[in-house]
Amino acid sequence: MSEADRHLLTLLAAGLKDEAVARHTGMGARTVSRHVARLLRTLNARTRFQAGVHAARRGLV
């Protein structure tokens, strides 16, 4: 997992919505949504919460 992915996971774990992540990172909201969807697939998660649990168990956040 890239550093950008880990940073995105950290922001999501902090409870930020896609729009807030976009403002923080300089990405567009749609780009953030695509990255989140890819992370969900990568972590084999159905929800953001589940993705956070999987990421924490794997030591990614």
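**Helix packing and the nonpolar core**

The largest nonpolar core comprises 15 residues, and those with the most contacts inside it are Leu8, Leu9, Val21, Val32, Val36 and Leu43. A nonpolar core is here a set of buried Ala, Val, Leu, Ile, Met, Phe, Trp, Tyr and Cys residues joined through side-chain atoms within 4.5 Å; buried denotes under 20% relative accessible area, exposed over 50%, and partly exposed the range in between (1.4 Å probe, protein chains only). At least two residues of this core are supplied by each of helix 1, helix 2 (18–25), helix 3 and helix 4 (48–57). Helices are DSSP runs (H or I, at least four residues), numbered from the N terminus.

The model is predicted, with local features requiring pLDDT of at least 70 and side-chain atom pairs counted only at pLDDT 80 or more, whereas totals for chains, interfaces and linings use all residues. Residues are numbered from 1 along each chain as its sequence is written, and side-chain values use heavy atoms, with hydrogens and water left out.

Helix 1 (residues 3–13) packs on helix 3 (residues 29–42) at an angle of about 95°, the axes being 11 Å apart. Helix 1 is therefore roughly perpendicular to helix 3, a class that spans 65 to 115 degrees (under 35 counts as roughly parallel, over 145 as roughly antiparallel, and the rest as oblique). Axes are lines fitted to C-alpha atoms, for helices over the stretch in contact, and angles run from 0 to 180 degrees between N-to-C directions. On the helix 1 side, Asp5, Leu8, Leu9 and Leu12 meet Val32, His35, Val36, Arg38 and Leu39 of helix 3, where contact means heavy atoms within 4.5 Å. The residues of this contact divide into 6 nonpolar, 1 polar and 2 charged (Ala, Val, Leu, Ile, Met, Phe, Trp, Tyr, Cys and Pro count as nonpolar, Asp, Glu, Lys and Arg as charged, and the others, Gly among them, as polar).

The axes of helix 2 and helix 3 come within 8 Å and cross at roughly 110°, which means that helix 2 is also roughly perpendicular to helix 3. Asp18, Val21, Ala22 and Thr25 of helix 2 form the contact with Ala29, Val32, Ser33 and Val36 of helix 3. By class, the residues of the contact of helix 2 with helix 3 are 5 nonpolar, 2 polar and 1 charged. Within helix 2, Asp18, Ala20, Val21 and Ala22 are buried, and their cover includes helix 1, helix 3 and helix 4.

Neighbours within four places in sequence aside, Val36 is in contact with Leu8, Leu12, Asp18 and Arg48. His35, also in helix 3, is partly exposed, at 27% relative accessible area. Apart from neighbours within four places in sequence, His35 is in contact with Leu8 and Met27. The C-alpha atoms of His35 and Asp18, 17 residues apart along the chain, are separated by 9.9 Å.

Outside the helices, Ala14 occupies the loop between helix 1 and helix 2 and is exposed, at 59% relative accessibility. Its C-alpha atom is separated by 19 Å from that of Gly28, 14 residues apart along the chain. Helix 2 is followed by Gly26, with a positive phi near 85°. A positive phi, near 55°, is likewise found at Asn44, a residue other than glycine. Asn44 lies in the loop between helix 3 and helix 4 and is exposed, with a relative accessible area of 63%.
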